[in-house]
Amino acid sequence: MTFALNPAHDASRLADELGRHKRIQVPAFLVAPGAEDLLRHLTESTDWRHVMNAGDNVYEIGCDELAAMDPEQRALLDRKIDREAVEGFQFRFDTIRVPDEEADRRAMGRLVADFASFLSSSATVDWFRAITRCDTIEFADCQATRYRNGAFLTRHDDAVEGKQRSFAYVLNLTRDWRAEWGGLLLFPEDETARIDAMVPDFNLLNLFEVGQQHCVTQVASYAPRPRISVTGWLRSR
Ligand SMILES: O=C(O)CCC(=O)C(=O)O
Ligand SMILES: [Fe+2]
């Protein structure tokens, strides 16, 4: 599969909106078959890793190992994570990571790695530079994420020393999602009483400037499907 940007995007309108609001949503981001293939590929993938943090440390475990955990140990882990999430930075979700280097992406030989290469190609980087009015962007890093029931990511601002991230992107792939299923991207500093939510949708790109507090609300216990996306940051080297 070769990926292509939807030719109907109006780059200067998107750039104006992003300049004004520091975040935009771009529906129908890819020419549709590319997004369909990516969703199928990720839905069928069996090598997802469950990642979670304890303070500054990140831990991961195969999703099959998580499922096979002793129930008491699992309950302890869940309780610890929930306690930390109350006011701290905490996350738990599933990931498939894509390496940053083009040669390693090729060697990975998977559609999600091809997508990362497409995002980092000179034509797509030029498009991102035009939309963001940020000429320093050189490549996109990339991971697939899957938020199953109970997954979440508390507020944070994506600014990490040395990573040179300018904008975050999230290509949402899940179809027919309902807001009450959770998995909403929120910007909690907007206002205290009333804030906007970005609801997942198929082939919908969210793009936002690094430095804004944001979070992903917990996917409800009753959500019938996982929230699947491909996400990362536009970076310079
Ligand atoms: O999945 C999303 O909507 C946002 C993800 C995010 O903020 C992150 O991975 O840092
Ligand atoms: Fe983030």
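Trainee: Which residues coordinate the iron ion (ligand 2), and what spacing do the donors follow along the chain?

Mentor: In this predicted model, the iron ion is coordinated by His 156 (NE2), Asp 158 (OD) and His 214 (NE2), at 2.1 to 2.3 Å. Read along the chain, these donors follow the spacing H-x1-D-x55-H.

Trainee: How many residues apart in sequence are the parts that the pair His 156 and His 214 ties together?

Mentor: His 156 belongs to strand E7 (residues 152-156). His 214 belongs to strand E12 (residues 214-216), so the pair ties together parts whose separation in sequence is 58 residues.

Trainee: Is His 214 buried or exposed?

Mentor: The cut-off for a buried residue is under 20% relative accessible area. The relative accessibility of His 214 is 4%, so His 214 is buried.

Trainee: Which residues surround ligand 1?

Mentor: The iron donors His 156, Asp 158 and His 214 are among the residues around ligand 1. The complete set is Leu 153, His 156, Asp 158, Val 170, Leu 185, His 214, Val 216, Arg 227 and Trp 233.

Trainee: What distance separates a polar side-chain atom of Arg 227 from an oxygen atom of ligand 1?

Mentor: A polar contact requires N or O atoms within 3.5 Å. The side chain of His 156 has an N or O atom 3.0 Å from an oxygen atom of ligand 1, and for a polar side-chain atom of His 214 the distance is 2.9 Å. For Arg 227, the corresponding distance is 2.8 Å.

Trainee: Which residues lie closest to the centre of the largest pocket?

Mentor: The largest pocket holds about 920 Å³ of space. Its lining divides into 18 nonpolar, nine polar and 10 charged residues, and the elements giving two or more residues to it include E7, E12 and strand E13 (227-235). Of the 37 lining residues, the closest to the centre are Phe 93, Gln 143, Asp 158, Arg 165 and Trp 233.

Note on methods: Residues numbered from 1 in each chain as written. Chains lettered and ligands numbered in written order. Predicted model: local features only at pLDDT ≥ 70, side-chain atom pairs only at ≥ 80, totals over all residues. Heavy atoms only, no water. Donors = N, O, S within 2.8 Å, 3.2 Å for Na, K, Ca; no water. Helix = DSSP H or I, 4+ residues; strand = E, 2+ residues; numbered from the N terminus. Buried < 20%, exposed > 50% of the residue type's maximum accessible area, 1.4 Å probe, protein only. 1 Å grid on protein atoms, 1.4 Å probe; cavity = no way out; pocket = protein on both sides within 12 Å on 5 of 7 lines; lining within 4 Å. Points joined across faces, edges and corners; volume = space filled by probe spheres on them. Nonpolar A, V, L, I, M, F, W, Y, C, P; charged D, E, K, R; others polar. Near = heavy atom within 4 Å. Polar contact = N/O pair within 3.5 Å; in protein donor to acceptor, adjacent residues only side chain to side chain.
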